[in-house]
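Please look through the structure shown here and follow the report beside it, one region after another.

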Amino acid sequence: MKILLIEHDPAYRAFLQAVLNRPAYKVETATTGWTGIASALHARYDLLLLGAELPDLNGFELVQRLRQEGDITPVLMLSALTSAADKARGLYAGADDYMERPGEPDELLARIYALNRRRTGGLHAPTVISVANLELNVAEKVAYRANKRIRLTAREFQLLSFLVENAGRVVTKTQILEKVWDCSKDVKTNKVEVYINFLRKKIDHGFDQKLIQTAMGVGYLLSTSL
């Protein structure tokens, strides 16, 4: 489980890192609100552990900004503000859970476990599909390549999902129109080509190995190897 810990106080940060020092967790840290936002939007995390009292941007503002950016990574907010109004404020801002700091280690671990169980659907099938170094989180509608977050529109995500579902197989323009646009009659349209180009710029730009390939005269495929 990859966790981003956003906490300014070095003593409390060290305490949390000690609690999370176990094989099940990989913890990265940010010490300010703005660096926390940048990290959260740049890479994939399974949980954000967020201190509410940050020097530049408080936790309430931070989680609200993340939600406005479309990030739906689970957030556990840790705060010394313990009134019902403060807890409600945190949850309304976008946090998934709110816990009094410093908190008991066992309670913290249990809350993290519960949030991760909710995220993964418990014992159900995983929602993350991996192809080469590309990851597609179907539940959260987020994609990553080499662990870097890729911003996609709803249509781009639909198209990428279809390519991922058929990874290693050629899909025709007609099949794409049927699946992504629910239409196969408008074969003269160039929207498939346009959106394939959009995806290439986002998925393959900066990588030597191009995953989205063209089968000349047939269609497109998503490569399964690097």
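Lys2 is buried, because its relative accessible area of 7% falls under the limit of 20%. This lysine belongs to strand β1, which covers residues 2-6, and the model in which it is seen is a predicted one. When residues up to four places away in sequence are not counted, Lys2 touches Lys26, Glu28, Ala43, Arg44, Tyr45, Asp46, Leu47 and Asn147.

Asn147, which is one of the residues that Lys2 touches, sits in the loop between β8 (142-145) and β9 (148-150). With a relative accessibility of 31%, Asn147 counts as partly exposed. Its backbone also deserves attention, since most residues other than glycine have a negative phi, and most peptide bonds are trans. Phi of Asn147, by contrast, is a positive value near 70 degrees.

Ala132 is another residue other than glycine with a positive phi, in this case near 55 degrees. Ala132 is placed in the loop between β6 (128-131) and β7 (134-137), and a relative accessibility of 37% makes it partly exposed. The peptide bond that joins Arg101 and Pro102 is cis, with an omega of about 5 degrees. Pro102 itself is found in the loop between β5 (97-100) and α5 (105-120).

Leu221 takes us to strand β12, which is made of residues 219-222. Leu221 has a relative accessible area of 18%, and it is therefore buried, as that value is under 20%. Leaving aside neighbours within four places in sequence, the residues in contact with Leu221 are Arg169, Val170, Leu211, Ile212 and Gln213. Leu57 is 164 residues from Leu221 along the chain, and the C-alpha atoms of these two leucines are separated by 44 Å.

The protein as a whole can now be described. It holds eight helices and 12 strands, and its C-alpha trace spans about 60 × 35 × 35 Å along the principal axes. Of the 226 residues in the protein, 43% are buried. The accessible surface comes to about 11700 Å², and carbon and sulfur atoms account for 52% of that surface.

| Helix pair | Crossing angle | Axis distance |
|---|---|---|
| α2 (33-42) and α3 (59-68) | roughly 30 degrees | within 10 Å |
| α6 (154-165) and α7 (173-180) | about 125 degrees | 10 Å |
| α6 and α8 (191-203) | roughly 85 degrees | within 10 Å |

How are α2 and α3 oriented to each other? Their axes cross at roughly 30 degrees, and because angles under 35 degrees count as roughly parallel, α2 and α3 are described in that way. The crossing of α2 and α3 is right-handed. On the side of α2, the contact is made by Gly33, Trp34, Ile37, Ala40 and Leu41, which meet Leu62, Arg65 and Leu66 in α3. Sorted by class, the residues of this contact of α2 with α3 are six nonpolar, one polar and one charged.

The helices α6 and α7 pack at an angle of about 125 degrees, so α6 is oblique to α7. The way in which α6 passes α7 is a right-handed crossing. Here α6 contributes Arg155, Gln158, Leu159, Phe162 and Glu165 to the contact, while α7 contributes Gln175, Ile176, Lys179 and Val180. This contact of α6 with α7 has four nonpolar, two polar and three charged residues.

Helix α6 also crosses α8, at roughly 85 degrees. Since angles from 65 to 115 degrees count as roughly perpendicular, α6 and α8 are placed in that group. In this contact, Arg155, Glu156, Leu159, Leu160 and Leu163 in α6 meet Tyr195, Ile196, Phe198, Leu199, Lys202 and Ile203 in α8. By class, the contact of α6 with α8 consists of eight nonpolar and three charged residues, with no polar ones.

Terms used:
Residues are numbered from 1 along each chain as its sequence is written. This is a predicted model: local features need pLDDT of at least 70, side-chain atom pairs count only at pLDDT 80 or more; totals for chains, interfaces and linings use all residues. Side-chain values use heavy atoms; hydrogens and water are left out. Axes are lines fitted to C-alpha atoms, for helices over the stretch in contact, and angles run from 0 to 180 degrees between N-to-C directions. Helices (H or I, at least four residues) and strands (E, at least two) are DSSP runs, numbered from the N terminus. Angles under 35 degrees count as roughly parallel, over 145 as roughly antiparallel, 65 to 115 as roughly perpendicular and the rest as oblique. A crossing is left-handed if the near helix is turned anticlockwise from the far one by less than a right angle, and right-handed if clockwise. Contact means heavy atoms within 4.5 Å. Ala, Val, Leu, Ile, Met, Phe, Trp, Tyr, Cys and Pro count as nonpolar, Asp, Glu, Lys and Arg as charged, and the others, Gly among them, as polar. Buried means under 20% relative accessible area, exposed over 50%, partly exposed in between (1.4 Å probe, protein chains only). Accessible areas come from the Shrake-Rupley method with a 1.4 Å probe; for residues, only the protein chains shown count as cover.
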